[in-house]
Amino acid sequence: MTTSDHAWMARALQLARKGLYSTHPNPRVGCVIVRDGERVGEGWHVRAGEPHAEVHALRQAGDRARGATAYVTLEPCSHHGRTPPCAEALVKAGVARVVAAMRDPNPLVAGRGLERLRSVGIEVASGVLEGEARELNIGFVKRMEHGLPYLRAKLAMSLDGGTAMASGESQWITGPAARAEVQRLRARSSAVLTGADTVLMDDARLTVRAAELGLDAEQTDLALQRPPLRVLVDGRQRVPLDAPFFQAGPALVASASSARAETYRAAGHELLALANAEGRVDLPALLAALAERGANEVLLEAGPRLAGAFAALGLIDEYQIFVAAKFLGSSARPLLDLPLERMSEARELKILDIRAVGDDWKICAVPSTAQAKPD
């Protein structure tokens with residue numbers, strides 16, 4: 001691989017990131033077509049059901065695609081889905097070489113796209129900036145390889161580890177810049193997951209608020225066109241249907257009982273009954289169900305009990321912890337309800353990034369056994 005290959009793939013990844021808020025359940029993909037050292041076409045996948053990145057780039061290149069090199073951040077698809085296979089489009093256009101950042105983990109593709117290109121004499125290479133490409137589609141990769149979405153936990157606390165006063169009051173621990181960051185985390189997620197305690201105590205809606213996103217007009221419009229699914233874990237169905245959460249739009253309720261399913265349905269919501277042996281909501285089953293619905297990335301915004309339950313089961317892939325420069329005192333509620341008795345039981349994290357966000361700090365960390373990194 002040459003320095004030029006890396007430079008053009010970096011441009012393709014830059015294009016792919018434009019789909020950060022809109023491609024669900026598809027991966028974020030960018031493509032650049034280069035002929036004689038000159039970029040003749042480029043494109044990115046905007047949303048599911050619309051042309052893929054390669055098609056946009058080929059349309060822009062026109063006849064100049066013949067004999068050119070196509071740089072694409074994900075192996076071109078080889079199957080008919082909602083759109084025709086991109087591998088065939090590249091063959092038809094007469095490109096001479098295709099460089100892919102990574103193979104597609106989708107079992108429907110899984111190397112078949114690259115093999116189709118080789119079969120007609122097109123030179124093929126892969127693995128250029130593969131790490132960056134996997135990070136960008138970390139949820140899609142996990143869903144394809146493990147049948148589960150990538151779960152981020154967003155937590156906010158004071159310097160002394162409190163998340164709310166003893167009364168439950170928690171708004172607002174962090175400042176506007178941190179809240180804008182959380183809005184962008186919501187917008188990029190396929191689903192936002194919370195618990196009954198959070199909804200009841202904070203009147204939480206878990207919606208994406210345009211005014212707080214801090215994005216340009218194009219990206220804001222894309223984010224609002226594909227809002228995340230709002231999921232409420234409410235094992236005992238404590239949250240009333242007239243709560244702000246339900247008034248904000250359709251939601252999925254995960255409960256331990258199928259009671260009142262028709263009541264939820266009549267109000268425009270869906271009830272999913274998933275009880276475990278203890279009579280509580282089966283959290284691993286819930287994540288699997290979300291993956292079956294095409295959820296790549298799920299954002300967990302919950303209180304210490306539910307967040308602690310996910311942590312105890314080892315289901316959290318990444319922690320986004322916002323730290324405010326204030327003390328809430330010794331009676332404040334903890335970050336996680338995670339009873340541990342011995343130092344040997346401590347949950348170790350690998351810190352990937354610490355940075356200032358306005359007047360607050362954000363720590364990005366993953367369980368020490370994980371290899372995932374944020375983009």
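1. Strand β1 (residues 30-35) is mostly covered, with 5 of its 6 residues buried. Buried means under 20% relative accessible area, exposed over 50%, and partly exposed in between, with a 1.4 Å probe and protein chains only. Strands (E, at least two residues) and helices (H or I, at least four) are DSSP runs, numbered from the N terminus.

2. A note on the basis. This is a predicted model: local features need pLDDT of at least 70, side-chain atom pairs count only at pLDDT 80 or more, and totals for chains, interfaces and linings use all residues. Residues are numbered from 1 along each chain as its sequence is written, and side-chain values use heavy atoms, with hydrogens and water left out.

3. Partners of β1. Two strands pair if DSSP finds at least two bridges between them. β1 and strand β2 (residues 38-44) pair in the antiparallel sense, over 6 bridges. G30 stands opposite W44 in β2. The β1-β2 hairpin has 2 residues between the strands, and D36 takes a positive phi near 55 degrees there. β1 also pairs with strand β3 (residues 69-72), again antiparallel. That pairing has 4 bridges, and V32 stands opposite Y71.

4. The open sheet. It has 9 strands in the order β10-β9-β8-β7-β11-β6-β12-β14-β13, and its pairing is mixed. β10 (270-273) and β13 stand at the edges with a single partner strand each, so one side of each has no neighbour in the sheet. The twist averages 20 degrees from one strand to the next. Axes behind such angles are lines fitted to C-alpha atoms, for helices over the stretch in contact; angles run from 0 to 180 degrees between N-to-C directions.

5. Inside the sheet, strand β7 (residues 191-195) and strand β11 (residues 297-300) run parallel, joined by 3 bridges. V298 in β11 is the bridge partner of A191.

6. Helices on the sheet. Helix α6 (residues 138-146) packs on the sheet and touches β6 (150-158) and β11; its direction makes about 130 degrees with that of β6. Helix α13 (residues 283-292) also packs on the sheet. α13 touches β6, β7, β8 (229-233), β9 (252-255), β10 and β11, and its direction makes about 165 degrees with that of β8.

7. Aromatics. Rings of Phe, Tyr and Trp (its six-membered ring) pair if their centres lie within 6.5 Å; planes under 30 degrees apart count as stacked, over 60 as edge-to-face and the rest as tilted. A search of the whole structure finds 2 aromatic pairs. F245 and F246 have ring centres 5.4 Å apart and planes at 80 degrees, so this pair is edge-to-face. F246 and Y264 form a tilted pair, at 6.0 Å centre to centre and 55 degrees between the planes. F246 lies in helix α11 (residues 244-247) and Y264 in helix α12 (residues 261-266), so the pair ties together parts 18 residues apart in sequence. F245, F246 and Y264 form one aromatic cluster.

8. F245 is buried, at a relative accessible area of 0%. F246 counts as buried at 4%, and Y264 is buried too. R230 lies over the face of F245, 4.5 Å from the ring centre. The criterion is NZ of Lys or CZ of Arg within 6 Å of the ring centre and within 35 degrees of the ring normal.

9. Where does L338 lie? L338 is in the loop between β12 (318-324) and β13 (349-357). Leaving aside neighbours within four places in sequence, L338 is in contact (heavy atoms within 4.5 Å) with G308, A312 and R347. The C-alpha atoms of L338 and P304 are separated by 8.2 Å, and the two residues are 34 apart along the chain.
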